[in-house]
Amino acid sequence: MKLGISASLEQLSLVLRYIFNGNTYERFVSYTKCTELNAEAIFTYITSALRDIDADMTNCVSQCYDGASVMSSRLTGVRTRVTDMNPSAIYIHCHAHQLNFVLVNTCCTVSQASYFFSLLESVYVFISSSISHAIFMKELGFTRQIQLKKLSDTRWSCRFSSINANTTILPLLHTLEEISESSTDRSINARGLLYQVASFSFFLSLALFNHVFAITNNLSILLQSEQISYSAAASSIKATRLEQPS
């Protein structure tokens, strides 16, 4: 049995992974409202939830978290409290979360990448206004549901959705051009964004990161699959690292 716990804000979710008749299953168990977020309190929430479904902690063979210190600390974290009760419950840092860290840190380190995603964020904020969004959807002909996505540092699949926008580039350019030629107070901002979005460096970055994120997005989805095993996850990561541009 594998234990997966993630804490977000003041709510804790409990998920169990187990093997039955040779098949792997993943089942949501419960949400718990957390009045305290220290390791001792979270551990108490977990053990209480397991008791409610008559699940024995001694049958747990692994525990998986997102790497937050309150969960993963070797000294006082939840992982240590679980292994004190059951030494067989090895700790695994969520591979999908680690992949996200790699992407975030890499893109923050490379100046061109940092500039590119900052520009995407600025475009999102600008287009999100009611007037800009109305013009943008008009340019799309209301036939597509494709929209720019707000960027997220914790869910980089949103970034793939943003840069996988070949079908929205022309409507985006037309929208910025139309607003830049208007007499509204947004025309100056639109003109500046249009100049940057229409540049060669933006299109080059768009093509490059579209390819990179297409590969890593597939890996992220695979790592979150209910059926994937630890060995399959390791093999998939290795295969992605060796994958060459087509």
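Of the 246 residues of the protein chain, 40% count as buried, where buried means under 20% relative accessible area, exposed means over 50%, and partly exposed lies in between, with a 1.4 Å probe and protein chains only. This is a predicted model, so to speak of local features we need pLDDT of at least 70, while side-chain atom pairs count only at pLDDT 80 or more, and totals for chains, interfaces and linings use all residues. Residues are numbered from 1 along each chain as its sequence is written, and side-chain values use heavy atoms, with hydrogens and water left out.

The overall layout comes next. The chain has 11 helices and 5 strands; these are DSSP runs, H or I of at least four residues for helices and E of at least two for strands, numbered from the N terminus. Take the contacts between residues at least 6 apart in sequence: 60% of them join residues at least 24 apart. Contact here means heavy atoms within 4.5 Å.

Now the helix pairs. Helix α8, residues 169–180, packs with helix α9, residues 187–197, at about 145 degrees, and their axes are 7 Å apart. The axes are lines fitted to C-alpha atoms, for helices over the stretch in contact, and the angles run from 0 to 180 degrees between N-to-C directions. α8 passes α9 in a left-handed crossing, a term that applies if the near helix is turned anticlockwise from the far one by less than a right angle, with clockwise giving right-handed. On the α8 side the contact is made by Leu-172, Leu-173, Leu-176, Glu-177, Ile-179 and Ser-180, and on the α9 side by Ser-187, Ala-190, Arg-191, Leu-193, Leu-194 and Val-197. By class that gives 8 nonpolar, 2 polar and 2 charged residues. For the classes, Ala, Val, Leu, Ile, Met, Phe, Trp, Tyr, Cys and Pro are nonpolar, Asp, Glu, Lys and Arg are charged, and the others, Gly among them, are polar.

α8 also meets helix α5, residues 111–127, with axes that come within 12 Å and cross at roughly 65 degrees. That crossing is left-handed. Val-123, Phe-126 and Ile-127 of α5 meet Leu-172, Thr-175, Leu-176 and Ile-179 of α8. The contact divides into 6 nonpolar residues, 1 polar and no charged.

On to helix α3, residues 78–85. Which of its residues are buried? They are Val-78, Arg-79, Thr-80 and Val-82. Their cover includes α1 (39–52), β4 (62–65), α2 (69–72) and β5 (90–93). Arg-81 is also found in α3, and is partly exposed at a relative accessible area of 28%. Leaving aside neighbours within four places in sequence, Arg-81 is in contact with Ala-39, Glu-40, Phe-43 and Thr-76. Met-71 lies 10 residues from Arg-81 along the chain, and their C-alpha atoms are separated by 9.6 Å.

One more helix residue: Ser-205, in helix α10, residues 200–223. Ser-205 counts as buried, at 5% relative accessibility. Apart from neighbours within four places in sequence, Ser-205 is in contact with Gln-112, Phe-116 and Asn-210.

Next, side-chain pairs. How many salt bridges does a search of the whole structure find? It finds 1, taking a salt bridge as a side-chain nitrogen of Lys or Arg within 4 Å of a carboxyl oxygen of Asp or Glu. The side chains involved are those of Arg-17 and Glu-26, at 3.0 Å from N to O. Arg-17 is buried, with a relative accessible area of 14%, whereas Glu-26 is partly exposed at 25%.

For disulfides the count comes to 0, the rule being a pair of cysteine sulfur atoms within 2.5 Å. As for individual cysteines, Cys-34 counts as buried at 2% relative accessibility, and Cys-60 is buried with a relative accessible area of 2%.

Last, backbone angles. Most residues other than glycine have a negative phi. Asn-21 has a positive phi, near 55 degrees. Asn-21 lies in the loop between β2 (11–20) and β3 (23–33) and counts as exposed at 67% relative accessibility. Asp-54 has a positive phi too, near 60 degrees. The place of Asp-54 is the loop between α1 and β4, and Asp-54 is exposed, with a relative accessible area of 73%.
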